[in-house]
Amino acid sequence: MKPKASTKPIFALSIVAIILVMVSIETAPAGSLKCDLCGQDITGQYIQSNGRNYHPECYEKHAALRCDYCGQIIKGQYLVDHWGNKYHKEHERSVPACQYCGRLISDRTSRGGTIYGDGRHVCGYCLADAVNDITTARRLMNSVKDKLKAAGINVENDAVKLTLTDRNGLRHISWSGHADESGLTKYVEQTIDSVCIVRDFEIFILHGMPRIVFTEVIAHELMHVWLYTNAPKGLSLALSEGSCNYASFIILNQSYGAMAEFELNNLLTNPDPVYGEGFRRVKRLVSDKGVACWLDYLKVHADFAQGY
Ligand SMILES: [Zn+2]
Ligand SMILES: [Zn+2]
Ligand SMILES: [Zn+2]
Ligand SMILES: [Zn+2]
């Protein structure tokens, strides 16, 4: 199967609001006006912003809204990201955002950052707990496996190989299987007289992803292993990818912190018809019938039942 196009753009600024701040310069009528900041009389030109009046110096020093990226005063439209940073709208197109958390990358907003060799922009926060060594990766994979098992999903195959790679590596391998955005599960089956005798699984996953994202992607790929082992071939994409994202959902639901909440929200609101809508359909199925029933359903059906 052809690799699926990435569902996240490279510049993945996480905008939660676009707000307008009105700033105008007015001239005070004689006498009556007082500064809303210092309380002193205003004479001559003053600043009016969102219904309040300021001396120009008071406004500039203490009241003006400043951009978290460049530090300059914001007048007019600005963006607020998931982490509460406020930006001039024009930075959206000119400054790279972190691939994982969506912060604009700069010393002020993201503790710096870097560009990986495969083109991913990653900020200082996400770099701080990025998974880059295979020992950590295996340990995290085993802990995710245990959590999935406790939730009822038993990925029996103990011999799942794990390889860290980059985007170019994923693209290179993806001719042999279905590639997700950040990982890929390769499946090799040897059969004699149409009886399967050996099943080999190898999960390829991007290096350098923050820990939460790594666990969510590995859960998704482990569910692919479960599907290869238990479900009929030719499962619809929405049912298989939706099911795999449900495994990610289980793991994110058990994780703590702002990044887990951010990823959970991305999963719940993903507009993609396969990864997003497919997941929400599986979620409805599981909340109606339970995990065991969903897994039993996957063993004998290739697509969603009516009503889901
Ligand atoms: Zn003042
Ligand atoms: Zn700015
Ligand atoms: Zn980041
Ligand atoms: Zn997948």
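**Helix α8 and its neighbours**

I began with helix α8 (residues 237-253) and helix α10 (residues 277-289), whose axes come within 7 Å and cross at roughly 70 degrees. This is a predicted model, in which local features need pLDDT of at least 70, side-chain atom pairs count only at pLDDT 80 or more, and totals for chains, interfaces and linings use all residues. Residues are numbered from 1 along each chain as its sequence is written, and chains are lettered from A and ligands numbered from 1 in the order in which they are written.

Axes here are lines fitted to C-alpha atoms, for helices over the stretch in contact, with angles from 0 to 180 degrees between N-to-C directions. Helices (H or I, at least four residues) and strands (E, at least two) are DSSP runs numbered from the N terminus. α8 and α10 are therefore roughly perpendicular to each other (65 to 115 degrees; under 35 is roughly parallel, over 145 roughly antiparallel, the rest oblique).

I listed the contact next (C-beta atoms, placed from the backbone, within 7 Å). Among the α8 residues in it are Leu239, Tyr246 and Phe249, and among those of α10 are Phe279, Val282 and Val286. The contact of α8 with α10 divides into 7 nonpolar, 4 polar and 4 charged residues (Ala, Val, Leu, Ile, Met, Phe, Trp, Tyr, Cys and Pro count as nonpolar, Asp, Glu, Lys and Arg as charged, the others, Gly among them, as polar).

I then turned to helix α7 (residues 211-230), whose axis comes within 8 Å of that of α8 and crosses it at roughly 135 degrees. That makes α7 oblique to α8. I noted that the contact includes Ala219, Leu222 and Met223 of α7 and Cys244, Ala247 and Ile251 of α8. By class, I have 9 nonpolar, 7 polar and 1 charged residues for α7 with α8.

**Strands**

I looked up strand β2 (residues 23-27) and found it paired with strand β3 (residues 45-49) in the antiparallel sense over 5 bridges (pairing takes at least two DSSP bridges). Ile25 has Ile47 of β3 as its bridge partner. β3 also pairs with strand β4 (residues 52-54), antiparallel over 3 bridges, and there Ser49 is bridged to Arg52. In this hairpin, with 2 residues between the strands, Asn50 takes a positive phi near 45 degrees.

**Domains**

I read domain 1 (15-128) and domain 2 (130-300) from the domain assignment, whose bounds come from an automatic or database source. Their C-alpha centres lie 40 Å apart.

Notes:
Contact = placed C-beta atoms within 7 Å.
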